[in-house]
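Me: I have a structure open and I'd like to go through it with you. Can we keep it quick?

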Amino acid sequence: MTAPKKLFIKTYGCQMNVYDSERMAEALGGQGYIETQSAEDADMILLNTCHIREKAAEKVYSELGRFRGLKAANPDLKIGVAGCVAQAEGEEIMRRQPLVDLVVGPQSYHRLPEMEAKTRAGEKALDTDFPEEDKFEKLKARPKAKRGPTAFLTVQEGCDKFCAFCVVPYTRGAEVSRPVDRILTEARDLVERGVREITLLGQNVNAYHGAGPDGDWSLARLIWALNDVDGLERIRFTTSHPNDMADDLIEAHADCPKLMPYLHLPVQSGSDRILKRMNRSHTAESYLRLIERLRAARPDLHMSGDFIVGFPEETEQDFQDTLALVEAVQYGSAFSFKYSTRPGTPAAERPQVDEAEKDDRLQRLQALLTRQQRALQDAMVGREVGVLFEKPGRLPGQMVGKSDYLHAVHVDSDVVVPGDLARVRILSSGPNSLAGEVLPR
Ligand code: 5AD
Ligand code: SF4
């Protein structure tokens with residue numbers, strides 16, 4: 001028997017890439033690969049890349065350059081680029097970095113085994129098609145390997161919204177939803193393998209409209225069906241668009257026992273002038289009304305969001321409107337970015353905001369968001385909350401998990417094991433996590 005070949009995958013960007021990396025590792029598992037945590041002893045290195053901001057793409061090229069020595073030491077080493085940079089730049093990657101043997105876009109991962117074989121025959125392999133066949137069906141996990149307590153499950157891909165700053169509609173293509181039965185089968189399989197919490201993924205997850213047994217199902221219907229899966233304890237979903245927040249999904253936040261009280265709902269800006277230029281088709285006011293309805297359904301809902309500062313033509317007043325919206329919402333967590341020019345998107349052609357101004361606005365926004373996040377986290381002290389434990393903590397004797405609201409929580413490790421869902425009383429709040437004690441059942 002030949003020794004297994006070793007695969008090193010480095011994942012950049014969103015959770016969808018994390019999910020895709022797992023599927024790629026499984027697909028190459030069928031070719032005799034096992035995963036390794038170090039690039040040094042790998043027979044194949046795959047970078048699963050992100051193209052959302054300029055820096056993300058540049059990081060990939062500098063990382064690739066660093067593999068030169070490894071390839072010199074091991075001429076059999078194959079280097080591949082997957083993900084959205086692969087989709088967006090295709091052959092350009094091989095031209096710019098001759099070390100690369102394989103370039104595969106997100107819609108072609110099921111073709112990886114053939115592509116790998118091609119590289120072993122000494123050829124270069126490139127596939128950035130948007131094929132007709134169902135890649136997920138072809139990427140099904142073979143071994144019933146045990147899993148950790150939490151898992152991602154992609155239910156929808158692509159986006160038709162065309163926000164003026166965003167590459168996703170180009171790199172991930174048009175919006176497509178997976179059929180209900182495939183998702184439920186995958187969810188049951190995950191639960192059999194030890195998973196207790198599933199996060200449903202999609203670039204526009206709440207636009208989900210997959211084929212069900214009796215016509216198209218909404219995301220809310222899918223969540224209710226998952227609620228009936230025995231052994232599954234928690235359901236989350238990300239990322240949502242304000243315009244697709246349907247009534248049945250808002251109601252699910254009130255009534256569905258396994259749906260967690262946390263919602264990532266990017267707004268991007270608090271200025272209607274900028275939102276319009278971003279092609280967001282909602283206003284600051286409509287977003288705030290929506291959150292009011294969500295909080296009426298689920299008063300303790302923790303809100304999360306994404307923000308872009310320094311979008312073309314953003315003035316100080318526009319930025320002040322963003323700060324005002326943040327004050328009104330009170331976010332439990334948030335991600336904020338400087339606008340980054342993406343070639344081929346409409347906003348790339350417009351008058352740009354000065355870089356130093358962008359830096360300054362980002363700092364001010366992040367200071368506010370951090371204050372809010374910390375205040376909401378500190379307010380957990382003294383409360384009881386559900387925690388799903390995942391792994392040992394950084395310090396000896398600790399076990400860490402996530403609260404219903406997605407806070408990191410640590411407790412003494414001798415009382416729980418990974419996979420336990422326990423009631424915890426929160427005792428103190430640190431910079432990035434909460435400490436608590438497990439309550440008797
Ligand atoms: N520049 C900066 N941030 C961006 N995002 C998407 N495109 C860009 C861009 N060109 C941010 C948005 C989105 C998140 C995933 O990344 O806030 O919600
Ligand atoms: Fe990009 Fe999200 Fe806008 Fe789609 S809705 S274009 S993924 S920011």
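Me: Where does Asn227 lie?
Reply: Asn227 lies in helix H10, residues 219-227. Helices (H or I, at least four residues) and strands (E, at least two) are DSSP runs, numbered from the N terminus. A word on the basis: this is a predicted model, where local features need pLDDT of at least 70, side-chain atom pairs count only at pLDDT 80 or more, and totals for chains, interfaces and linings use all residues. Residues are numbered from 1 along each chain as its sequence is written, chains are lettered from A and ligands numbered from 1 in the order in which they are written, and side-chain values use heavy atoms, with hydrogens and water left out.

Me: Is Asn227 buried or exposed?
Reply: Asn227 is buried, because its relative accessible area is 12%. Buried means under 20% relative accessible area, exposed over 50%, and partly exposed in between (1.4 Å probe, protein chains only).

Me: And what does Asn227 touch?
Reply: Not counting residues up to four places away in sequence, Asn227 touches Ile235, Cys256, Pro257 and Lys258. Contact means heavy atoms within 4.5 Å.

Me: Next, Thr119. Which helix is Thr119 in?
Reply: Thr119 is found in helix H6, residues 112-120. Its relative accessible area is 1%, so Thr119 counts as buried. Leaving aside neighbours within four places in sequence, Thr119 is in contact with Lys78, Asp101, Leu102 and Ala125.

Me: What about Glu132: buried or exposed?
Reply: Glu132 is exposed, because its relative accessible area is 82%. It sits in the loop between strand E6 (125-127) and helix H7 (135-138).

Me: How many residues separate Glu132 and Ser413 in sequence?
Reply: They are 281 residues apart in sequence. In space, Glu132 and Ser413 are 48 Å apart, C-alpha to C-alpha.

Me: And how many residues separate Gly386 and Leu421?
Reply: Gly386 and Leu421 are 35 residues apart in sequence. Their C-alpha atoms are 6.7 Å apart in space. Gly386 lies in strand E17, residues 384-392. With a relative accessible area of 5%, Gly386 is buried.

Me: Let's switch to the ligands. Which residues are around ligand 1?
Reply: Ile52, Arg53, Phe165, Gln268, Asp306, Ile308, Phe337, Lys338, Tyr339, Ser340 and Arg342. A residue is near a molecule or strand if one of its heavy atoms lies within 4 Å of it. Strand E15 (302-309) and strand E16 (333-338) each supply at least two residues of that shell.

Me: Which polar side-chain atom lies 2.6 Å from an oxygen atom of ligand 1?
Reply: One from Asp306. A polar contact is a pair of N or O atoms within 3.5 Å; within protein, one must be able to donate a hydrogen and the other to accept it, and residues adjacent in sequence count only if both atoms are side-chain atoms. The backbone takes part too. A polar backbone atom of Phe165 is 3.0 Å from a nitrogen atom of ligand 1. A backbone N or O atom of Ser340 lies 2.8 Å from a nitrogen atom of ligand 1.

Me: How much of ligand 1 does the protein bury?
Reply: Taken alone, ligand 1 exposes 410 Å², and the protein buries 87% of that. Accessible areas come from the Shrake-Rupley method with a 1.4 Å probe; for residues, only the protein chains shown count as cover.

Me: What surrounds ligand 2?
Reply: Its shell includes Cys159, Cys163, Cys166, His241 and Arg280.

Me: Now the backbone. Which residues does the cis peptide bond join?
Reply: Thr238 and Thr239, with omega about 0 degrees. Thr239 lies in the loop between strand E13 (234-238) and helix H11 (247-255).

Me: What is phi of Gln268?
Reply: Phi of Gln268 is near 75 degrees, a positive value in a residue other than glycine. Most residues other than glycine have a negative phi, and most peptide bonds are trans. Gln268 counts as buried because its relative accessibility is 8%.

Me: Last one: how many helices and strands are there?
Reply: The protein has 15 helices and 21 strands. Buried residues make up 54% of its 441 residues. Along its principal axes, the C-alpha trace spans about 60 × 60 × 50 Å.
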